[in-house]
Amino acid sequence: MDNKYDLIMIRFGELSTKGKNKKEFISLLFDNLRNALKEYPSIYLERRYDHLYIHLGEAPLSEVVDIVKEIPGIHSISLVKRVDSDIDEIKESALSLIKGEKGSTFKVNCKRANKDFPIHSEEVIRSVAAVILKNTELKVDVHNPDILLSIEIRDEGTYIFFKTIPCLGGYPLGAGGKALMMLSGGIDSPVAAYLLMRKGVRVECVHFASPPYTSEGVLIKLEDILSQLSHYQSEIRLHIVPFTKIQECIYKNIPEPYCITEMRRCMYKISEKIARKRNCLVIASGESIGQVASQTLASMRTINEVTSYPIIRPVAVMDKEEIIKLAVRLGTYDISIRPYEDCCTIFAPKNPKTAPKLDEIKKYEEKLPLDELIDEAVQNTEVRVIK
């Protein structure tokens with residue numbers, strides 16, 4: 001990327017609709033940006049009401065752009081040149097910059113946010129276009145130009161740029177509180193975690209391990225998945241729950257068609273205890289409606305009955321193809337399909353109930369010491385922090 005640009009202009013997108021909360025959201029985004037770019041000491045961040053600006057200093061432009069594009073809350077960025085709000089300097093800089101662009105046609109746009117600037121937008125457009133026509137071989141095309149030259153005249157100066165680079169969008173990380181994400185190691189739950197981060201929700205993750213039925217390979221897979229997701233949240237806490245005793249108790253004492261339902265009910269009971277302990281506002285999962293027996297609406301209702309916590313399912317209405325496509329883009333797909341099975345897969349019954357009855361499952365539960373086993377599992381939960 002060309003070092004003739006000394007600034008990156010950051011646009012907020014959805015934040016512009018936040019009214020009284022806008023300042024708080026921008027401050028949070030500012031802090032997240034500063035943390036993400038802390039390895040570049042020459043960078044200086046400038047905060048304005050409508051935009052943030054990154055003064056690059058000696059920082060490598062392409063590296064900084066790659067980092068910024070993956071920060072939740074940023075709608076788009078542009079590489080810009082800031083000049084004094086003087087018409088002659090604007091024309092001179094615009095001409096110099098456009099000579100470095102490829103194409104044979106151009107169009108000039110102008111936004112005059114500073115209404116004290118004495119020349120109206122249309123006159124600025126005509127003046128700049130005239131200079132370009134006189135000093136280059138370029139022709140004007142207002143409908144489909146090869147080069148779009150944009151000029152924004154603001155209180156602190158005038159910004160000149162050509163391209164707008166789309167970014168992650170959503171809200172700044174932390175703006176939406178914190179969720180406890182149930183992470184299986186499959187394709188869906190990492191995508192669900194990403195979608196939460198994109199909307200400004202920090203995540204901690206919980207995984208249910210059943211050694212010796214599940215191997216250490218599952219946990220390595222989870223750490224690799226979370227390493228990929230740490231591009232969006234730099235530090236992710238993983239709670240690893242020892243689930244073997246609970247599963248063995250369920251599969252020895254409950255009819256097979258109801259085992260997956262009871263297993264999921266226990267998972268939600270444990271997740272609620274961890275969520276309360278870690279001040280998480282919601283529990284989240286990668287469940288998608290109808291994908292497996294435990295993810296029918298009837299099953300979800302019976303399973304959810306064990307908790308008063310809000311449950312969020314970010315991929316609930318997505319097709320599997322959509323989820324896979326997003327997983328590939330995130331870099332989690334190839335990790336998720338490694339042949340290490342989680343406890344849900346290994347203990348999956350042959351004929352699970354797709355519409356389990358609540359009174360039936362409660363009748364089976366009454367005879368088992370599940371509450372004691374759940375407390376023991378929570379007490380022995382291991383925590384790993386992936387950065």
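Reader: What is Leu 33 in contact with, leaving aside its neighbours within four places in sequence?
Author: In this predicted model, Leu 33 is in contact with Ile 10, Leu 45, Leu 52, Ile 54, Val 68, Ile 71 and Ile 74.

Reader: And which residues have the most contacts inside the largest nonpolar core?
Author: Ile 8, Leu 33 and Ile 54 do, in a core of 50 residues. There is also a second, separate core, with 35 residues, including Leu 168, Val 282, Ile 323 and Ala 327.

Reader: Switching to the sheet of 6 strands. What is the strand order?
Author: The order is β14-β13-β10-β11-β12-β15, in an open sheet with mixed pairing. β14 (311–312) and β15 (382–386) are the edge strands, each pairing on one side only.

Reader: How many bridges join β10 to β13?
Author: There are 3, between residues 178–182 of β10 and residues 282–284 of β13, and these strands run parallel. Met 181 has Ala 284 in β13 as its bridge partner.

Reader: Which strands does helix α5 lie across?
Author: Helix α5 (residues 188–198) lies across β10, β11, β12, β13 and β14, and runs at about 170° to β10. Helix α6 (residues 216–229) also packs on the sheet, where α6 touches β11, β12 and β15. The direction of α6 makes about 35° with that of β15.

Reader: Now α8. What span should its 22 residues have?
Author: At 1.5 Å a residue, α8 (residues 256–277) should span 32 Å, and its end C-alpha atoms are 32 Å apart, so the two agree.

Reader: Why call α8 largely enclosed by the rest of the structure?
Author: Because 17 of its 22 residues are buried.

Reader: What about the phi of Asn 279?
Author: Asn 279, which follows α8, has a positive phi, near 60°.

Definitions and conventions: Residues numbered from 1 in each chain as written. Predicted model: local features only at pLDDT ≥ 70, side-chain atom pairs only at ≥ 80, totals over all residues. Heavy atoms only, no water. Pairing = 2+ DSSP bridges. Helix = DSSP H or I, 4+ residues; strand = E, 2+ residues; numbered from the N terminus. Contact = heavy atoms within 4.5 Å. Axes fitted to C-alpha atoms, helices over the stretch in contact; angles between N-to-C directions. Core = buried A, V, L, I, M, F, W, Y, C linked by side-chain atoms within 4.5 Å. Buried < 20%, exposed > 50% of the residue type's maximum accessible area, 1.4 Å probe, protein only. Expected span 1.5 Å × (residues − 1).
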